[in-house]
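Reader: Please take one part of this model and go through it closely. I would like a single connected account, with the cut-offs for any terms you use.

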Amino acid sequence: MIVKTDAIVLATMKYGDTSKIARLYTKEFGKISVIAKGVRSPKSRLRACLEPSYHVAAVIYKKENRELHLLSQCDVLETFRHVAENMDKLKTAMVALELVNVVSHDEERNEELFMTLLSHLRLVDAATKSPLPALYYFEMKLSSILGFRPELSVCTQCGETIPEEAAAAQREYGFGKSGVLCDVCGTGGKMTISPATLSVLRMLRTVSSAEAALNLQLAQPVADQVGKVLRLHLQSHVGGCRGLRSEEVFAAMT
């Protein structure tokens, strides 16, 4: 059947002499793979559409019980052109795209995830300050959408409430049940996080929007630890989050 859907280009790869295979995250069908025949030909009308991060309107010949579908038409809706002009923006966008690619299952619709990724790309594109807090917000939101948001208010071991004033001390974070531990249950062997890190994690979980998260002022040691906690948290639930290719590429460039 022929379907039309909004989509975000997650990744592409060359196929044959002139074609491409693209991984799309669509609003209607979740993640799907399509082949764009002849798209690398200079005369192809699809040539300018299939770039990672592009928001497109795709017409797809979707075949039942097939893993690869045919892209028959594609129109660009948004290119996020400012992302490519700044290394931090580019990294923040590419990491989010790869995370969605590895955590999502084929053809499992999740409109909230689609809109969260689209909002992230728009915010990063328009950002006038460091986009890193936006990535942290995205990872926290992604955890929530997937059903394993970290627990930051009660001990994940015994259920005891950890009051706000108790957050003024270093706490242990366990990745088995993913969350903070009380003084009794925190017996070593876990990751110790600073009060500032716990405070930022709590804010990321409660702020109303990614725009609000972007205004967070983070000292570098806190930013590093927040990023480490969120990534280890995702990795503890989704093995594919280990060793993201996009991060390896950017690390080699610095």
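Author: Leaving aside residues up to four places away in sequence, K89 touches H82, V83, V124, D125, A126, A127 and P131, where contact means heavy atoms within 4.5 Å. This is a predicted model, in which local features need pLDDT of at least 70 and side-chain atom pairs count only at pLDDT 80 or more, while totals for chains, interfaces and linings use all residues. Residues are numbered from 1 along each chain as its sequence is written, and side-chain values use heavy atoms, with hydrogens and water left out.

K89 lies in helix 1; helices (H or I, at least four residues) and strands (E, at least two) are DSSP runs, numbered from the N terminus. K89 has a relative accessible area of 10% and is therefore buried. The classes are buried at under 20% relative accessible area, exposed at over 50% and partly exposed in between, with a 1.4 Å probe and protein chains only.

Helix 1 (residues 87–103) and helix 3 (residues 132–146) have axes that come within 10 Å and cross at roughly 15 degrees. Axes are lines fitted to C-alpha atoms, for helices over the stretch in contact, and angles run from 0 to 180 degrees between N-to-C directions. Helix 1 is therefore roughly parallel to helix 3; angles under 35 degrees count as roughly parallel, over 145 as roughly antiparallel, 65 to 115 as roughly perpendicular and the rest as oblique. The contact is made by T92, V95, A96, L99, V100 and V103 on helix 1, and by L132, L135, F138, E139, L142 and L146 on helix 3. By class, this contact has 10 nonpolar, one polar and one charged residues. Ala, Val, Leu, Ile, Met, Phe, Trp, Tyr, Cys and Pro count as nonpolar, Asp, Glu, Lys and Arg as charged, and the others, Gly among them, as polar.

Now the barrel. Five strands form a closed barrel in the order 1-2-3-5-4, with mixed pairing; two strands pair if DSSP finds at least two bridges between them. From one strand to the next the twist averages 50 degrees. Helix 1 packs on this sheet, touching strand 1, strand 2 and strand 3, and its direction makes about 105 degrees with that of strand 1. Helix 2 (residues 111–126) lies across strand 1, strand 2, strand 4 and strand 5, and runs at about 60 degrees to strand 1.

The strand pairs can be taken in turn. Strand 1 (residues 2–15) and strand 2 (residues 19–26) run antiparallel and are joined by eight bridges, with S19 in strand 2 as the bridge partner of Y15. The hairpin of these two strands has three residues between them, and there G16 takes a positive phi near 65 degrees. Strand 1 also pairs with strand 4 (residues 55–61), in the antiparallel sense over seven bridges; A7 stands opposite V56 in strand 4. Strand 3 (residues 30–36) pairs with strand 5 (residues 68–78) in the parallel sense over three bridges, and the bridge partner of I35 is L70 in strand 5.
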